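Here are a few friendly notes to read alongside the model.

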Amino acid sequence: MTAAHAGATSPDPRLSINQATVKHADLATALRVTRDAGIQAIGLWREPVNEVGLDVAARMLADSGLRFTTHCRGGFFTLPTGPARVAALDDNRRAIEETATLAAAGADGSTAVLVLVAGGLPEGSRDLIGARERVRDAIAELAPDAEAAGVTLAIEPLHPMYASDRAVVSTLGQALDIAADFAPEVVGAAVDTFHIWWDPQVLAQIARAGREGRIATYQVCDWKTPLAADPLLSRHYPGDGVIDFGSLTRAVVDAGYDRDIEVEIFHADVWADAPENVVRRTAEAFGAAVSPHLP
């Protein structure tokens with residue numbers, strides 16, 4: 001057991017702060033508060049990176065000394081054939097390039113993982129099956145670009161309440177079925193506790209993901225009811241809700257995942273707090289809820 005696991009004040013060395021957790025902080029602030037808290041890794045979002053420009057962001061990341069764990073996000077693949085779909089694919093190619101550049105700029109142990117949110121039903125459509133097929137088709141178009149850049153595309157299943165507007169891929173099993181057409185280093189899956197904790201097949205699917213070498217990232221936060229009026233903003237600090245981080249984390253570890261673990265929170269109260277407080281509270285929550293289940 002590491003010192004972090006034993007309850008010391010230093011953050012767990014595997015903890016990564018997903019930038020969404022400090023959403024209102026600019027890139028410089030997010031990097032600074034993460035580093036100053038003794039946390040060793042960060043996952044970035046495209047908007048703050050593009051705000052300063054990719055080259056500048058890469059230099060800032062390199063200067064921070066932090067590992068880079070994921071880039072969020074690509075995806076939104078469910079549009080029918082036409083100019084909007086072409087534009088979406090081109091934007092994903094830019095995201096692949098960003099991911100490769102940032103992973104190269106991060107400290108040793110950085111990972112070139114682009115998280116993909118599939119997209120919801122196009123306006124006026126009820127064709128859920130067709131939408132999922134368009135996700136598969138889009139990933140097939142992007143896989144050669146990802147492979148050439150050394151980037152892993154991580155399909156993130158979202159809770160079914162988001163199926164209509166955000167992600168027609170709702171279970172880890174569905175994500176793995178799509179990924180199965182591609183090499184595991186090119187297309188994998190994001191295992192996010194908020195989205196998959198409810199699934200009766202989740203432990204079996206995590207084990208499957210491990211056998212197939214497809215766990216590209218493990219992200220954690222908690223689920224607590226009642227949900228916020230905007231259910232997108234219902235992600236809590238680990239330990240504040242009902243998710244069993246023990247069973248899920250042990251399953252991910254047993255599946256062979258040994259890389260950094262991101263905390264990704266979308267919550268208005270968290271976003272309103274000072275970023276320094278948020279990263280400190282995140283480290284404490286991770287240490288209590290997740291670290292005891294890590295080797």
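1. Let me start with the second largest cavity, which holds about 30 Å³ of space. Please keep in mind that this is a predicted model. The residues lining the second largest cavity are Thr-69, Thr-70, Thr-111, Ala-216, Thr-217, Tyr-257, Arg-259 and Asp-260. Two elements, E3 and strand E7 (215-220), each give two or more residues to that lining. By class, the lining of the second largest cavity has two nonpolar, four polar and two charged residues.

2. How many cavities of 30 Å³ or more does a search of the whole structure find? The search finds two. The largest cavity has about 160 Å³ of space, and 14 residues line it. Nearest its centre lie Arg-73, Leu-158, His-195, Leu-232 and Phe-266. Strand E3 (67-75) and helix H7 (193-196) are the elements that give two or more residues to the lining of the largest cavity. That lining divides into eight nonpolar, one polar and five charged residues.

3. Now to the helices. Helix H5 (residues 128-149) packs with helix H6 (residues 172-179) at an angle of about 45°, and their axes are 10 Å apart. That angle makes H5 oblique to H6. The crossing of the two, H5 and H6, is right-handed.

4. Which residues in H5 meet H6? They are Arg-132, Val-135, Arg-136 and Ile-139, and their partners in H6 are Gln-174, Asp-177 and Ile-178. In the contact of H5 with H6, three residues are nonpolar, one is polar and three are charged.

Methods. Residues numbered from 1 in each chain as written. Predicted model: local features only at pLDDT ≥ 70, side-chain atom pairs only at ≥ 80, totals over all residues. Heavy atoms only, no water. Axes fitted to C-alpha atoms, helices over the stretch in contact; angles between N-to-C directions. Helix = DSSP H or I, 4+ residues; strand = E, 2+ residues; numbered from the N terminus. Parallel < 35°, antiparallel > 145°, perpendicular 65-115°, else oblique. Left-handed = near helix turned anticlockwise from the far one by under 90°. Contact = heavy atoms within 4.5 Å. Nonpolar A, V, L, I, M, F, W, Y, C, P; charged D, E, K, R; others polar. 1 Å grid on protein atoms, 1.4 Å probe; cavity = no way out; pocket = protein on both sides within 12 Å on 5 of 7 lines; lining within 4 Å. Points joined across faces, edges and corners; volume = space filled by probe spheres on them.
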